[in-house]
Amino acid sequence: MMPSPYPLEEELGMRYYASVTPGIGGRLRSSPEDFVVEELPLPIRDPDGPYLICRLTKTNWELQRAVKEIAKQLGISHRRIAWAGTKDKNAVTTQLISIYDISPEEAGRVHLKDISLEVVGRSQHQLALGGLAGNRFEIVIRDCIPENLSERVQAVTEVASAGIPNYYGLQRFGVVRPVTHVVGESILKGDYEGAVVTYVGQAYPRESEEAQRARTHFAETRDARAALADLPIQMTYERAMLNHIVANPGDYAGALRALPPKLLSLLVSASQSYLFNCALSCRIDAGLSLSQPEVGDRLLFLNGREDIVTARNQKAAELQIRRGRCQIAIFIPGSGPIVSHGRMDEIMQELMQKLDVDAGDFERASRFVETKFAGVLRPVALSTDVEADVSDASVRLRFTLPPGHYATTVCREYMKADPYMMI
């Protein structure tokens, strides 16, 4: 393992690389076409239902904004559109969406720049987050360090096949402003004013000076009307919250509910992602392996079955992990009770105590957001067979990942560059 030198990765709990090979540097997303994502959907169940299933291909569109524009052209609420996975903005992405009670002819009348909709069928059920087989990626890293480039790429490719830390990537926390987990933590604590002030008022240096000034002024004054006048017009979510506060002074809880429900739930789950990243780095701090199970480790099998490593089954667990049938996993807490089985559970409880949150906070957040935040297991290691091609100072990577795993987590192992070079 090699520690990351970057303060932002330290801040987000992403403190280690699996490979000790010097990074290739470079930049991701020199153009959206350098980052291509194709969703691998699950089979459509119960065709001929009320949900129209469409294949959405978009270039350089944030998904929530794309859905809102599609809904506007269809003359429907954006809440009638659902999807299985949230894809990157600065990319070319293909995925399925479901639209309630719309005909193929109506969908065919959607015309938006860099967006296409292709009708693929119908279903009795809308798509749900996580309901996909995985994602296939083709990514180009440009302007790499040319010295021994092929050798360094090959060395990291071998490590990626064996397993790297399965961190949640930078985009999970916000690309230009990595604050989603901080907002989520405030919601967990019932500090709705703090959540709004962070979302609207926390400035970051990579924003425009205009945006930084407007955010800072709001954080200092809580003057929503002045912030509306000063914030750039494209900041639609911030403006939705501020409009609510202007109409309902002091109602910060209502301002948060002005956000799309899926976005609001993502803020809280980002705090769970942050806890996982920190716990995974603590596992590495403690010298524990990503592939050799310790007594008390949790196991997650391919079929979803869970188990606990004991002194009696430890050797069998090692064999199952080597055969790829299960992985060591960390339990990410939610609103349910936490039963400690081993060191990783103890580490997670210590992290929650440090943040001053508990299961009751997740239960309150579940009621506020109207989304259940149950505990879930996440594997500690990400392993994938990468096809890598080197051409001059560019590297092309092709690989497939399961749902909820981050392509940028793979890319950072190769690049070992400032995380802002990956946005």
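Is Asn60 buried, partly exposed or exposed? With a relative accessible area of 34%, Asn60 is partly exposed. That value falls between the 20% limit for buried and the 50% limit for exposed, which means the middle class applies. The model is a predicted one. Asn60 sits in the loop between strand 5 (51–59) and helix 2 (63–74). Its backbone also stands out: phi of Asn60 is near 60°, a positive value in a residue other than glycine.

Asp114 lies in the loop between helix 3 (104–107) and strand 8 (115–123). Its relative accessible area is 41%, so Asp114 counts as partly exposed. A glycine with positive phi turns up just after helix 5: Gly190, at about 75°.

Now to helix 5 itself. This helix spans residues 180–188 and is mostly covered, with eight of its nine residues buried. The buried ones are Thr180, His181, Val183, Gly184, Glu185, Ser186, Ile187 and Leu188. What does the covering of these buried residues include? Helix 6 (192–201), helix 10 (252–256), helix 11 (261–285), helix 13 (343–355) and helix 14 (359–369) are among the elements that cover them.

Helix 5 and helix 6 pack at an angle of about 165°, and their axes are 7 Å apart. That angle makes helix 5 roughly antiparallel to helix 6, because angles over 145 degrees fall in that class. The crossing of the two helices is left-handed. On the helix 5 side, the contact uses Val182, Val183, Ser186 and Ile187. Helix 6 contributes Tyr192, Gly194, Ala195, Thr198 and Tyr199. Sorted by class, the contact of helix 5 with helix 6 has six nonpolar residues, three polar ones and no charged ones.

Ala195 gives a close-up of this contact. The residue belongs to helix 6. Its relative accessible area is 0%, so Ala195 is buried. Ala195 and Val183 are 12 residues apart in sequence, yet their C-alpha atoms are 4.6 Å apart in space. Which residues does Ala195 contact, leaving aside its neighbours within four places in sequence? They are Val183, Ser186, Ile187 and Leu256.

Helix 11 meets helix 5 at another angle. The axes of helix 5 and helix 11 come within 7 Å and cross at roughly 100°. That makes helix 5 roughly perpendicular to helix 11. From helix 5, the residues involved are Thr180, His181, Val183, Gly184, Glu185, Ile187 and Leu188. They meet Leu264, Leu267, Val268, Ala270, Ser271 and Tyr274 in helix 11. By class, the contact of helix 5 with helix 11 has eight nonpolar, four polar and one charged residues.

Next, the charged side chains. A search of the whole structure finds 27 salt bridges. One of them pairs Arg177 with Glu238, with the closest N and O atoms 3.9 Å apart. This pair links distant parts of the chain, 61 residues apart: Arg177 is in the loop between strand 10 (164–165) and helix 5, and Glu238 is in helix 9 (residues 236–247). Are these two residues buried or exposed? Both Arg177 and Glu238 are buried.

Glu238 has another partner. Its side chain meets that of Arg215 in a salt bridge, at 3.0 Å from N to O. Here too the pair links distant parts of the chain, 23 residues apart, with Glu238 in helix 9 and Arg215 in helix 7 (residues 209–221). Arg215 is buried, like Glu238.

An α-helix has 3.6 residues a turn, so residues three or four places apart point the same way. Glu363 is partly exposed, with a relative accessible area of 33%. Arg367 has 54% relative accessibility and so counts as exposed. Elsewhere, salt bridges that share partners join Glu138, Glu387, Asp389, Arg396 and Arg398 into one network.

Methods:
Residues numbered from 1 in each chain as written. Predicted model: local features only at pLDDT ≥ 70, side-chain atom pairs only at ≥ 80, totals over all residues. Heavy atoms only, no water. Buried < 20%, exposed > 50% of the residue type's maximum accessible area, 1.4 Å probe, protein only. Helix = DSSP H or I, 4+ residues; strand = E, 2+ residues; numbered from the N terminus. Contact = heavy atoms within 4.5 Å. Salt bridge = Lys/Arg side-chain N within 4 Å of Asp/Glu carboxyl O. Axes fitted to C-alpha atoms, helices over the stretch in contact; angles between N-to-C directions. Parallel < 35°, antiparallel > 145°, perpendicular 65-115°, else oblique. Left-handed = near helix turned anticlockwise from the far one by under 90°. Nonpolar A, V, L, I, M, F, W, Y, C, P; charged D, E, K, R; others polar.
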